[in-house]
Amino acid sequence: MEISCAFATSSDTPAHTELAEALGYRRAWLYDSPALYPDVWMVLARCAERTSRIGLGPGVLVPSLRHPMVNAAAIAELAGLAPGRVAVAIGSGFTGRFTLGKRPMPWRQVADYVRCLRALLAGETAQWDGATIQMLHLPGFGAQRPIEVPILIGADGPKGLAVAAELGDGVFSAALPQPDAVQVADWRALLSSGTVLEDGEDLSAERVIAAAGPSAVMLYHATYERAGAEVVDALPGGRAWREAIEACPESDRHLAIHAGHAVAANPRDEPHVADLIPLASAASLIGTAEQIAEKIAGFAAAGVTEIAYQPAGPDIPRELRAFAAAAGLSA
């Protein structure tokens with residue numbers, strides 16, 4: 001099992017990635033949601049300049065946000081800055097789309113995008129938007145083609161897994177392992193979050209709520225967007241949360257839902273965080289150091305080969321150190 005980290009990309013992420021490298025994390029994945037976070041490629045470049053060993057990559061890119069040539073050029077530059085350390089994950093979009101008022105992309109469009117991006121990185125010509133395109137970068141303008149960068153597919157469900165089987169070097173999943181992923185790829189990364197409890201600390205502690213709350217309330221966000229009101233109402237505090245959200249104009253509701261995503265509970269979330277954390281803890285990396293180690297072993301038994309742990313709350317360095325110790329990392 002590889003132990004990596006993931007960040008809701010911020011201006012402090014380069015410093016946090018530098019610490020993660022010192023602690024022995026294998027890779028740092030950075031989120032790509034421009035309505036919430038700074039540009040992922042700018043921050044990844046800063047991370048590359050401050051580190052020498054840790055793997056780096058966006059997790060996950062959303063094709064609709066950029067022309068494939070833009071991402072190809074960005075990958076080339078990052079690969080030049082951090083040779084042998086770059087991996088890329090691509091998906092159909094969650095916050096990167098929902099925060100812009102859009103649903104996830106159809107998987108056939110994601111597949112077309114990945115095919116085009118792979119052709120560009122190989123130095124070949126590709127067809128996009130009715131035109132022939134090719135990377136024309138001369139020496140000194142990014143890594144030379146062919147550029148060997150693994151591409152993982154951010155797949156949750158059979159359609160995404162089919163794209164991963166055809167076009168991916170691995171599967172990048174969120175929250176829950178996908179049993180069928182073991183039939184698709186040898187590299188199976190799982191994005192998870194949580195916090196390591198101190199001795200005598202329980203789920204109601206103020207520090208725990210601050211660190212675990214941002215991920216816990218994603219249950220509301222994802223359930224409302226994907227499963228609807230009835231399923232949200234069944235969650236602790238779900239009905240009150242939904243009524244607060246639906247008091248917002250429908251045209252702006254997506255902004256209210258996803259504000260603070262993975263960083264801090266927003267005003268609609270805050271009254272219900274403490275009630276939701278016990279439910280969220282069952283499937284996330286919340287627990288004592290011993291419980292965290294057991295959960296990692298359980299994920300391994302389910303076929304996960306890489307954990308991408310996302311810390312949250314006001315003290316990211318504390319979360320990185322505590323999780324590294326619980327996971328048995330050594331620099």
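How much space lies in the largest cavity? About 70 Å³. The legends below take up that cavity and other parts of the structure.

The structure is a predicted model, in which local features need pLDDT of at least 70 and side-chain atom pairs count only at pLDDT 80 or more, while totals for chains, interfaces and linings use all residues. Residues are numbered from 1 along each chain as its sequence is written, and side-chain values use heavy atoms, with hydrogens and water left out.

**View 1. The annotated domain, residues 13–306.** An unreviewed UniProt entry gives these residues the annotation "domain: Luciferase-like". UniProt positions are in the numbering used here, feature names are shortened, and annotations may be inferred rather than shown by experiment. Over residues 13–306 the chain is 43% helix and 14% strand. The C-alpha atoms at the ends of this stretch are 20 Å apart. Helices (H or I, at least four residues) and strands (E, at least two) are DSSP runs, numbered from the N terminus.

**View 2. The largest cavity and its lining.** Rolling a probe the size of a water molecule over the atoms shows where empty space is left. A cavity is a set of points, on a 1 Å grid over the protein atoms alone, where a 1.4 Å probe fits but cannot get out; a pocket is an open set with protein on both sides within 12 Å along at least five of seven lines, and lining residues have an atom within 4 Å of a point. Grid points are joined across faces, edges and corners, and a volume is the space filled by probe spheres set on the points. The whole structure holds 1 cavity of 30 Å³ or more. Among the residues lining the largest cavity are Val-171, Pro-177, Arg-188 and Gly-303. Strand E8 (170–174) and strand E9 (188–196) each supply at least two lining residues, and E9 gives the most, with 3 residues. By class the lining has 8 nonpolar, 3 polar and 1 charged residues. Here Ala, Val, Leu, Ile, Met, Phe, Trp, Tyr, Cys and Pro count as nonpolar, Asp, Glu, Lys and Arg as charged, and the others, Gly among them, as polar.

**View 3. The largest pocket, with about 1200 Å³ of space.** This pocket is lined by 43 residues. Phe-94, Asp-156, Ala-174, Ala-175 and Arg-226 lie nearest its centre. Elements that each supply at least two residues of the lining include helix H4 (95–98), helix H7 (206–216) and helix H12 (273–281). Helix H8 (218–226) is also one of these elements, and H8 provides the largest share, 5 residues. The lining has 22 nonpolar, 17 polar and 4 charged residues.

**View 4. The second largest pocket, with about 210 Å³ of space.** Its lining is made of 15 residues, of which Ala-8, Ser-10, Val-263, Pro-311 and Ile-316 lie nearest the centre. The lining divides into 8 nonpolar, 6 polar and 1 charged.

**View 5. Helix H1 (residues 13–23) with helix H2 (residues 40–50) and helix H14 (residues 316–327).** Two packed helices are described by the angle between their axes and the distance between the axes. Axes are lines fitted to C-alpha atoms, for helices over the stretch in contact, and angles run from 0 to 180 degrees between N-to-C directions. The axes of H1 and H2 come within 9 Å and cross at roughly 40°, which makes H1 oblique to H2. Angles under 35 degrees count as roughly parallel, over 145 as roughly antiparallel, 65 to 115 as roughly perpendicular and the rest as oblique. The axes of H1 and H14 come within 10 Å and cross at roughly 20°, so H1 is roughly parallel to H14. The crossing of H1 and H2 is right-handed, and the crossing of H1 and H14 is right-handed.

View 6. Most residues other than glycine have a negative phi, and most peptide bonds are trans.

Key: A crossing is left-handed if the near helix is turned anticlockwise from the far one by less than a right angle, and right-handed if clockwise.
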